[in-house]
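This report describes the fold of one protein chain from its elements of secondary structure to selected residues. Please consult the sequence and the model shown below while reading.

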Amino acid sequence: MKLFIVESPTKAKTIQKFLGKDFYVKATLGHIKDLPERGLGVDLKTLKAKYVYLRGKKKLIEELKRLSKKVEIVYICTDPDREGEAIAYFLKKDLQKVNKNIKRAVFYEITPAAIKESIRNAGYININLVYSQFARRILDRLIGYLISPILWKEFKNYRLSAGRVQSPALRLIVEREREIQNFRVKKYYYVKVILEKDGEIFHAIYDYRYEKPSDAKIIAEKLEKGFFSVYSVDIKEDKEYSPKPFITSDLQAEANAKLGFPPEKTQKLSQELYEKGYITYPRTDSYRMNEQKAKEFMNFIRREFGEKYVGRLRNFREKKNVQGAHECIRPTKPIPTIPEREELRILYDLIFRRTLASLMKEIQLERKKVIVEAITPELRRPIYLIAKGLKVVFDGWSRVYPSEIKEELLPLLAAGDLLKLIKTDLEERRTQPPSRYTEGTLIKTLEKLGIGRPSTYSTIVKTLKERGYIKVKNKTILPTHIAFEVVDFLMENFPLLMDYKFTSLMEEKLDLVEEGKVDWKEVVYEFASKVLSKELLRI
DNA sequence: CAGTGAGCGAGCTTCCGCTTGACTT
């Protein structure tokens, strides 16, 4: 018998089927050990850290030890990334007490071939990856646990907290709110002309911003006496590419925008869909899709909508900090609906449609730009107005997934055509303040800045709520009074922590640790001394 | 002797990231 260990129990079940009766396949359920919740858990002088078993994990380790004793070999197959390597490291330390034959294996796809390949190529733990996890973990601990108490003192409120992720996130929210508060709405006006051609009505606009409605009115009145004709018609083809398939951040953002689900709800539901076998792993930052599966979905598109709707599987460039362990989020099979309760079905439907859309043809558009000439006895020169048309020539992927495209239809027009004036009008517009973040747009913004990971996006928002920093009303995030004060205080006292680039600076150094070029303790010292004051570190 | 109240001291919060049940409310 052999033992094969992964992180997720759902994966374990699937892999058990592949490997058969010769294998015990077991799951760690994430991390085994972590710094203690209480106390710093790190010696500031030596950076020696105290790792303790997470609740329930002591028992789990005992079980894995019992099995390890019985088997000829143990394969540790936690996720192929920094955190997974750390799990493997602690696992091996415990299990090698009862079995010396332990190997580290990795896979990037849950297929029988990929799993068997991982066993063939099984080797050693990459200690540099483990070190980079130590550096990441300990830096987060030092920042969080040394700065939070300063907030308790300063604001006499022990519920407050600071951290590498939550504090810059809060800064985004507070700064946006200040922009909105300081925004001064300006009204401006366009002169609009309603015209008719062969009984069809359309409008053209004079492309000049008037600050004062009275100025605009003068022109409008002069145009009342004008003669209108088509000066030129310009037609251009355009296309709208299909959306990428879902990754965690996009799914949470879309479910928030289109279904009104808070990220936490989407997280829970997608986990359930995953456990029931309906979708792939729900915490991922990779757009990759299994080629064979993509073909199956394309066959589905061909059958349902015809060949002309079939697009292709695109290769998307991954962002820099992608850890490559998983595919995109997609249905496991091309089944359009599931016989489950409402909420699950709605979310599944969104994922199914998005997956299809990502493999479908572009939307073909026709953009028309019509210039209308107005000649009026009141003015020496003609005035030129613009009418814009947008027509969907081929609906492509929008057949299955909503697009933002709004058609603007114009009558059939050719240069020289005479037009009948219906009336002139003023169009009032206002400058728009930036909009508040929603839980979804905040997550997308954090992702763009490289702050946070797929498994934590929904908890970031939750933490900010729990600390009383934000309130969510009608899907939009509002910072509370204390949030403004805390951000100001942190900006003044811990500017590097509040720098949006901090995480990516840290990641660059962690990459060097992973390549074995830099000592992990040096990285911790460097950033800890830059972010925190010397007194705080007591060194 | 019982009840009251001042004064003192101890203990408590907190990070980010990986994964789900096993708990309590």
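The buried residues of helix 2 are covered by elements that include strand 1 (2-6), strand 2 (23-27), strand 4 (52-53), strand 5 (73-76) and helix 3 (82-95). Helices (H or I, at least four residues) and strands (E, at least two) are DSSP runs numbered from the N terminus. The model is predicted: local features need pLDDT of at least 70, side-chain atom pairs count only at pLDDT 80 or more, and totals for chains, interfaces and linings use all residues. Residues are numbered from 1 along each chain as its sequence is written, chains are lettered from A and ligands numbered from 1 in the order in which they are written, and side-chain values use heavy atoms, with hydrogens and water left out.

## Overall dimensions

Chain A contains 18 helices and 14 strands. Its C-alpha trace spans about 100 × 60 × 45 Å along the principal axes. Of the 539 residues in chain A, 49% are buried; buried means under 20% relative accessible area, exposed over 50%, and partly exposed in between, with a 1.4 Å probe and protein chains only. Among contacts in chain A with a separation of 6 or more, 75% come from residues 24 or more positions apart, where contact means heavy atoms within 4.5 Å.

## Helix 2 and its surroundings

Helix 2 (residues 57-70) comprises 14 residues, and the distance from its first C-alpha to its last is 20 Å, close to the 20 Å expected at 1.5 Å a residue. The expected span is 1.5 Å times one less than the number of residues. Buried in helix 2 are Lys57, Leu60, Ile61, Leu64, Lys65, Leu67 and Ser68. They lie on the same side of helix 2 because they cover an arc of only 170 degrees around the axis, the arc being that of the directions from the helix axis to the C-beta atoms. An α-helix has 3.6 residues a turn, so residues three or four places apart point the same way. On the other side of helix 2, Lys59, Lys69 and Lys70 are exposed.

Four strands make up an open sheet in the order 2-1-5-6, with parallel pairing; two strands pair if DSSP finds at least two bridges between them. Strand 2 and strand 6 (102-104) are at the edges with a single partner strand each, so one side of each has no neighbour in the sheet. On average, neighbouring strands of this sheet are turned by 20 degrees against each other, direction ignored. Axes are lines fitted to C-alpha atoms, for helices over the stretch in contact, and angles run from 0 to 180 degrees between N-to-C directions.

Helix 3 packs on the sheet and touches strand 1, strand 5 and strand 6; its direction makes about 175 degrees with that of strand 6. Glu85 belongs to helix 3 and counts as buried because its relative accessibility is 5%. Apart from neighbours within four places in sequence, the contacts of Glu85 include Asp79, Arg104 and Tyr124.

## Strand pairings

| Strands | Sense and bridges | Bridge partners |
|---|---|---|
| Strand 1 and strand 5 | parallel, four bridges | Phe4 and Tyr75 |
| Strand 9 (residues 227-240) and strand 12 | antiparallel, two bridges | Phe228 and Leu419 |

## Aromatic pairs

The structure holds 23 aromatic pairs. Rings of Phe, Tyr and Trp (its six-membered ring) pair if their centres lie within 6.5 Å; planes under 30 degrees apart count as stacked, over 60 as edge-to-face and the rest as tilted. The pair of Tyr51 and Phe134 is tilted, because the ring planes stand at 35 degrees, with centres 5.6 Å apart. This pair links distant parts of the chain, 83 residues apart: Tyr51 is in the loop between strand 3 and strand 4, and Phe134 is in helix 5 (residues 127-155). Tyr51 is buried at 15% relative accessibility, and Phe134 is buried at 9%. Tyr274 and Tyr281 form an edge-to-face pair, with 5.2 Å centre to centre and 90 degrees between the planes; both residues are buried. One aromatic cluster consists of Tyr51, Tyr89, Phe90, Tyr131, Phe134 and Trp520.

## An exposed loop residue

Glu37 is located in the loop between strand 3 (33-34) and strand 4. Its relative accessibility of 70% makes Glu37 exposed. Not counting residues up to four places away in sequence, Glu37 touches Arg141 and Tyr145. The C-alpha atoms of Glu37 and Val52, which are 15 residues apart along the chain, are separated by 9.2 Å.
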